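Reader: Could you take me through this structure, beginning with the ligand site?

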Amino acid sequence: MRKLYFAVPSIIAALSISPAFASGGAQCENTSGEWLSHEAISTMATEMGYDVRRVETDDSCYEVYAFDQSGRRVEIYMHPVTGVVVKVEHDS
Amino acid sequence: MTELHIDQATDGGGVTPPPKVKVWDPVVRVFHWSLVTAFFTAWISAEEWDRVHEWMGYLVLGLITVRILWGIIGARHARFADFVYRPSTILAFLRDSTHLRAKRYLGHNPAGGAMVMALLACLAAVSATGIMLTSDTFWGVEWVEELHEFIVNLTLGLVGLHIAGVVVASLEHRENLVGSMITGWKTNLPKR
Ligand code: HEM
């Protein structure tokens, strides 16, 4: 019985380090040039067909919270100097 | 008087050891250590591992929901009625604690009980704001994210005080409260 008290937390811990869960964030390289403004990034994402909610700096990239054309919540990681899309993450 | 007590039989020295009492039932113990694990995992996975972070958040919400129900219908020392005290009692207890002469309680002491309620309330607010962040309505809305983070920091502060309180009470009454939260047992010491 005593084992049970440790089993539950251990299972949670084991699940959480399982690689199947890995996701999140992106890296942008060569970001030393002049950064695009939030407005410019927002405009670029809008032109790609996204419904933009917010632009934020995340580590080395811009992170854009938006809805895609089918209305799904997405986080678009864009290069701050070139505006190239580095990664698109779908929220669940 | 030929009756032999188990205590005496195993003790061998002829002195009856102080009686042990079961204070924390399995629900409370599994809840506590699962909560610690889930909360900590959610904290380290934040902004790194969204999936893990969200699952841990749902788990925290599930755990506190069960605990709140258990606080109403559960075992004796698990019930809110057993450890929710009036503010004046809590303040008096804290005052006594600063002089290390606070009364010993078998269940949660008045300050500990207030801490339990504060932690449950904060964790509920963290879960609620977290779920809001996964909805279309609040997608990318900054104030929700800031509120979520603010309450998390508040919770971390409370956890620090919680652990400090456990250490102080353990030293004050020379007992291992952390051990009791693992095994469920406490020593029913006579009042000092
Ligand atoms: C490793 C760090 C921790 C230790 C050693 C610890 C230890 C304890 C102990 C000994 C108790 C029983 C207090 C008493 O005797 O009255 C307790 C209760 C409690 N702790 Fe912790 N705790 C830790 C972390 C946390 C965290 C991170 C949280 C919440 C996020 C938390 C929430 C609670 C709650 C809600 C209770 C009340 C349990 C119940 O009645 O169901 N603890 N803790």
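**Ligand site and sheet**

Author: In chain B, α2 (26-45), α6 (110-132), α7 (142-172) and α8 (177-183) each supply at least two residues of the shell around the ligand. Helices here are DSSP runs of H or I with at least four residues, strands are runs of E with at least two, and both are numbered from the N terminus. The model is predicted: local features need pLDDT of at least 70, side-chain atom pairs count only at pLDDT 80 or more, and totals for chains, interfaces and linings use all residues. Residues are numbered from 1 along each chain as its sequence is written, chains are lettered from A and ligands numbered from 1 in the order in which they are written, and side-chain values use heavy atoms, without hydrogens and water.

Reader: Which helix gives the most to the shell around the ligand?

Author: That is α2(B), with 7 residues.

Reader: And which residues come nearest to the ligand?

Author: Of the 19 residues around the ligand, they are His32(B), Arg67(B), His108(B), His162(B) and Leu177(B). A residue is near if one of its heavy atoms lies within 4 Å.

Reader: How does the shell divide into nonpolar, polar and charged residues?

Author: There are 15 nonpolar, 3 polar and 1 charged.

Reader: What is the ligand's nitrogen atom 2.7 Å from?

Author: An N or O atom in the side chain of His32(B). A polar side-chain atom of His162(B) lies 2.8 Å from a nitrogen atom of the ligand, and one of His108(B) lies 2.7 Å from a ligand oxygen atom. A polar contact is a pair of N or O atoms within 3.5 Å.

Reader: Turning to chain A, what is the strand order in the open sheet?

Author: The order of the 4 strands is β1-β2-β3-β4 in chain A, with antiparallel pairing. The edge strands, β1 (51-58) and β4 (85-90) of chain A, each pair on one side only. Strands pair if DSSP finds at least two bridges between them.

Reader: Over how many bridges do β3(A) and β4(A) pair?

Author: β3(A), residues 73-78, and β4(A) pair over 5 bridges in the antiparallel sense. Met78(A) stands opposite Val85(A) in β4(A). The hairpin of these strands has 6 residues between them, and there Gly83(A) takes a positive phi near 80°.

Definitions and conventions:
Polar contact = N/O pair within 3.5 Å; in protein donor to acceptor, adjacent residues only side chain to side chain. Nonpolar A, V, L, I, M, F, W, Y, C, P; charged D, E, K, R; others polar.
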